[in-house]
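Let's take a walk through this one, starting with its cross-links and then moving on to a sheet. Keep the structure open beside you as you read.

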Amino acid sequence: MKKITILLFILLSFGFIKNVEAGTLSWKNSTRLSENTFEFYLEAKDLNLNYISGTWEIENGKIIDIKMNDGWINNNGNAEKFYYFHNGIKKGDYLIATIKIELTSDSMTKINNLDMGINSCTKDFETNYFDINGNITNEQNYRKTCLNNDASLKDLKINKGILSPTFQSNIDNYETSVENDVKEIIFTPTLSNPNAKILSNTTCSLNIGKNICEILVEAENGEQKVYRINVTRKSQTSSTLSDDATLNELTINHGTLFPDFNPQTKNYSIKVGFDITEITWQASVNDPKAHILSNSSCQLNVGENICEILVEAENKNQTTYKLHITREQQQTEENLKKDTSIKDLFIENAILTEEFNKDKTTYTLKVNENITTIILHYTMVSNNLNYTIPFKIDTSTKFIDLEIKSLDEENKITYRFNLMRTQEDQKDPEDETNLPNSSTSNDEIENPQTGIFFSFKNLIILLGLFATGIICFKKKNIIPKL
């Protein structure tokens with residue numbers, strides 16, 4: 001019987017090689033298993049890969065078995081067209097597969113259309129999703145970590161009326177009014193992310209009275225955002241009646257409005273503690289002919305609540321102010337572990353320009369130009385412990401960041417304090433009121449522990465009296481001899 005021979009595998013017809021550093025893909029010498037069966041070893045040396053594909057070309061033979069090694073996966077069986085992939089990026093030197101072939105006569109085997117590299121933030125042709133680190137993941141996580149989540153608009157224009165408030169990407173609700181002869185309004189939105197898309201129409205038909213027009217934006221990763229424009233189309237007689245349905249004042253009995261009240265701002269955020277089960281408000285209208293239709297109180301559940309204040313103008317035009325109220329969960333041991341709240345913030349060597357609020361993260365500090373250290377003192381709500389954090393600064397320091405981590409270190413919040421330099425001889429009016437005696441002369445010093453001021457003149461008098469007393473005691477033999 002004629003002995004069958006086989007040439008070493010030759011890698012030909014290279015396709016695309018992506019994200020691969022210098023290295024080699026090679027075959028070791030074949031192992032003869034029988035007269036007409038051979039075994040080869042596909043190996044990588046100094047290569048970073050998580051996939052390799054191509055087409056086997058075997059003259060006078062076929063593949064009878066493929067055994068994957070070192071975590072590599074083959075979903076195509078013994079087919080000539082192959083695609084091997086790995087969960088995570090494989091680095092360095094490693095064995096990919098052991099190939100067993102059967103020949104009928106002398107043969108030469110080669111690989112065509114070789115493609116290898118790293119799948120990162122992509123979906124392959126076998127519907128596998130890979131995350132940014134090259135690991136196999138699900139579609140939801142792939143979209144979350146690899147695709148852009150920006151569903152905002154950079155700009156929004158309308159062909160009739162004026163948006164109120166002025167458009168900002170982070171504001172979702174707007175008001176405008178048009179004359180009676182305007183039967184539709186056209187929007188011209190501009191996306192913040194060019195990979196996002198507008199799902200809704202950009203034309204909105206108008207009935208007489210109040211209309212709600214919506215612009216729906218979908219981000220690259222599927223997240224959606226809705227911008228709502230409340231459009232009032234005036235009636236034919238409305239020009240003689242007031243259309244002012246705004247408030248001129250709004251106060252609440254618990255929490256703080258954010259942002260501060262403005263008649264043109266229709267949405268506010270408020271946070272209250274777990275013990276607050278109801279919130280009430282006092283409101284007054286700009287136009288005495290307008291009136292408030294809604295109640296002045298709202299029951300609160302734990303979590304998110306939306307309370308509405310409905311104002312109706314003389315011409316029946318309506319405006320809705322929305323209070324987005326978050327009632328905190330009852331403090332449990334588990335909640336405390338995740339809490340990043342701080343209280344009793346005190347700052348040395350600098351002046352905070354506004355009252356501290358744990359829900360606001362950006363502040364300004366006034367600091368003299370000669371100050372080199374700022375010290376922050378605060379108390380963690382979760383454990384009621386006090387902390388002191390010093391920050392070294394110089395004239396080039398623009399800000400300092402205070403990072404607060406929860407007890408379980410799963411949550412964190414960063415407060416940024418922008419530094420505003422002042423001249424050394426400048427004093428803040430509040431500082432003057434905090435001094436025990438703002439008219440202290442230059443020959444007076446302050447005890448930093450007691451805050452008591454002594455003059456040098458009084459100090460000399462006290463020392464003289466003390467010395468006189470010692471002399472008197474000696475004459476009376478009260479002081480024992482040493």
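Start with the bond between Cys204 and Cys213: the torsion about its S-S bond is about -80 degrees, so this disulfide is left-handed. Keep in mind that you're looking at a predicted model. The sulfur atoms of Cys204 and Cys213 sit 2.1 Å apart. As for solvent, Cys213 is buried, with a relative accessible area of 1%. Cys204 has a relative accessibility of 12%, and because the cut-off for buried is under 20%, Cys204 counts as buried as well.

How many disulfides does a search of the whole structure find? The search turns up 3. If you number the bonded cysteines of the protein chain in sequence order, they pair up as 1-2, 3-4, 5-6.

The link of Cys121 and Cys146 is left-handed, with -80 degrees about the S-S bond. What does this pair tie together? Cys121 lies in the loop between strand 11 (109-117) and strand 12 (122-123), while Cys146 belongs to helix 1 (residues 139-146), so the bond joins parts that are 25 residues apart in sequence. Is Cys121 buried, exposed or partly exposed? With 26% relative accessibility, Cys121 counts as partly exposed, because that value falls between the limits of under 20% for buried and over 50% for exposed.

That leaves Cys298 and Cys307, another disulfide, with sulfur atoms 2.1 Å apart. Its torsion about the S-S bond is about -80 degrees, so the disulfide of Cys298 and Cys307 is left-handed. Both Cys298 and Cys307 are buried.

Look for an open sheet of 3 strands, in the order 22-24-26, with antiparallel pairing. Which strands stand at the edges? Strand 22 (247-252) and strand 26 (297-299) do, each with a single partner strand, so one side of each has no neighbour in the sheet. Ignoring direction, neighbouring strands of this sheet are turned by 20 degrees against each other on average.

Zoom in on strand 24 (residues 278-285), which pairs with strand 26 in the antiparallel sense over 3 bridges. To find your bearings there, pick out Glu278, which stands opposite Gln299 in strand 26.

Conventions:
Residues are numbered from 1 along each chain as its sequence is written. This is a predicted model: local features need pLDDT of at least 70, side-chain atom pairs count only at pLDDT 80 or more; totals for chains, interfaces and linings use all residues. Side-chain values use heavy atoms; hydrogens and water are left out. Two strands pair if DSSP finds at least two bridges between them. Helices (H or I, at least four residues) and strands (E, at least two) are DSSP runs, numbered from the N terminus. Axes are lines fitted to C-alpha atoms, for helices over the stretch in contact, and angles run from 0 to 180 degrees between N-to-C directions. A disulfide is a pair of cysteine sulfur atoms within 2.5 Å. Buried means under 20% relative accessible area, exposed over 50%, partly exposed in between (1.4 Å probe, protein chains only).
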